[in-house]
Amino acid sequence: MVKEFFKGALAPNSAFNIPRTPIEQLAMANSERDSGQDNLRYLQKQENCSYCLLDYRDDLTKLANKRYFNIWLEQVWKRLALEQVPLSLILIEIDYFKIYNNSRKDEAGENCLQQVAKVISAWVQPPDGLAARCGSEKFALIIPQTKADNAVKIGENIRKNVKKLALYHDSQIDGLPDRVVTVSLGVGMTIPQIEVSPSLLMQAAEEALYQSQRKGRDRTEVKCIVAVS
């Protein structure tokens, strides 16, 4: 099931024999639900949907990839727009990852990404939450039904737990936020509206992340918006 995908479960061999792709399953879900309110839960219940591991899981971190993130965000957005409850999105970027990766062996860089991914995935809130890798050193966490203050608390827990990994930079490199690997976080929060694109929330989180980096990194910033067309 899709729910197993969030946990990084491996797909059974039989999953590769299903006739429909995940995109087709999404289309089927949309056509078979009159109001669209249950699209998300309907998709989650589909058997053999582990086939989506082929296209929608990041091989290194075992999180969802950007492609699946976009699909999931849109589905969550539509459902919460009907319910009129808040949706938070956290963008997380490893500070100066390229410096860390270039000064260490390749295995160290991959291990860093995997360890940070584990920290982030620990804060996924089922059934509708999702952690994804959205870039080389960039991650996202979808947190449904969560207001900004609680999302910031989750972000701060992620930030602190990443530092506890104690992944040390080269001692000869100066000007970094800390001697260990750190992350910068941007929190976006809104109450979704049907007529508005979820890209508005993504933009808010991006702007908050930019402020976090601009203010010295290793911190969490937030931007709340009103979703209007």
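Reader: What sits over the ring of tyrosine 96?

Author: In this predicted model, the charged end of arginine 217 sits over the ring of tyrosine 96. The distance to the centre of the ring is 4.4 Å.

Reader: Where does tyrosine 96 lie?

Author: Tyrosine 96 belongs to the loop between β1, residues 87-94, and α6, residues 97-103. The backbone there has a positive phi of about 50°, although tyrosine 96 is not a glycine.

Reader: And is tyrosine 96 buried or partly exposed?

Author: Tyrosine 96 counts as partly exposed, because its relative accessibility is 31%.

Reader: Which other residue has a positive phi although it is not a glycine?

Author: Glutamine 145 has one, with phi at about 55°. Glutamine 145 is found in the loop between β3, residues 138-144, and α8.

Reader: What about aspartate 218, where is its place?

Author: Aspartate 218 is in the loop between α9, residues 199-214, and β5, residues 220-224. Aspartate 218 is buried, because its relative accessible area is 14%.

Reader: Which residues is aspartate 218 in contact with, leaving aside neighbours within four places in sequence?

Author: With those neighbours left aside, the contacts of aspartate 218 are Asp95, Arg159, Lys163, Pro177, Thr182, Val183 and Ser184.

Reader: Changing topic: how many aromatic pairs does the structure hold?

Author: The structure holds two aromatic pairs. The rings of tyrosine 68 and tryptophan 72 have centres 5.9 Å apart and planes at 20°, so this pair is stacked.

Reader: Why are two values given for a pair of rings?

Author: A pair of aromatic rings is described by both the distance of the centres and the angle of the planes.

Reader: Where do tyrosine 68 and tryptophan 72 lie?

Author: Both residues lie in helix α5, residues 66-83. They are four residues apart, about one turn of the helix.

Reader: Which residues form the aromatic cluster?

Author: Tyr56, Tyr68 and Trp72 form one aromatic cluster.

Reader: What separates the C-alpha atoms of arginine 57 and tyrosine 68?

Author: A distance of 7.7 Å separates these C-alpha atoms, while the two residues are 11 residues apart along the chain. Arginine 57 is found in the loop between α4, residues 53-56, and α5. Arginine 57 counts as buried, because its relative accessibility is 13%.

Reader: Now the helices: how do α7 and α8 pack?

Author: Helix α7, residues 106-121, and helix α8, residues 148-164, pack at an angle of about 145°. Their axes are 9 Å apart, and the crossing is right-handed.

Reader: Which residues meet there?

Author: From α7, Val116, Val119 and Ile120 meet Ile158, Asn161 and Val162 of α8. By class, this contact has five nonpolar residues, one polar residue and no charged residues.

Reader: Where is valine 181 found?

Author: Valine 181 is in the loop between α8 and β4, residues 183-190. Valine 181 counts as buried because its relative accessibility is 1%.

Reader: What does valine 181 touch, not counting residues up to four places away in sequence?

Author: With those residues not counted, valine 181 touches Ile94, Tyr100, Cys112, Val162, Lys163, Leu167 and His169. Valine 181 and lysine 163 are 18 residues apart in sequence, and their C-alpha atoms are 6.3 Å apart in space.

Reader: Which residues does the cis peptide bond join?

Author: The cis peptide bond joins proline 126 and proline 127, with omega about 5°. Proline 127 is found in the loop between α7 and β2, residues 130-133.

Reader: Lastly, how many helices and strands does the protein chain have?

Author: The secondary structure comes to nine helices and five strands. From the N terminus on, the elements run α-α-α-α-α-β-α-α-β-β-α-β-α-β.

Reader: What share of the residues count as buried?

Author: Of the 229 residues of the protein chain, 48% count as buried. Among the contacts with a separation of 6 or more, 73% are between residues 24 or more positions apart.

Conventions:
Residues numbered from 1 in each chain as written. Predicted model: local features only at pLDDT ≥ 70, side-chain atom pairs only at ≥ 80, totals over all residues. Heavy atoms only, no water. Axes fitted to C-alpha atoms, helices over the stretch in contact; angles between N-to-C directions. Helix = DSSP H or I, 4+ residues; strand = E, 2+ residues; numbered from the N terminus. Left-handed = near helix turned anticlockwise from the far one by under 90°. Contact = heavy atoms within 4.5 Å. Nonpolar A, V, L, I, M, F, W, Y, C, P; charged D, E, K, R; others polar. Phe/Tyr/Trp six-rings, centres within 6.5 Å; stacked < 30°, edge-to-face > 60°. Lys NZ or Arg CZ within 6 Å of the ring centre and 35° of its normal. Buried < 20%, exposed > 50% of the residue type's maximum accessible area, 1.4 Å probe, protein only.
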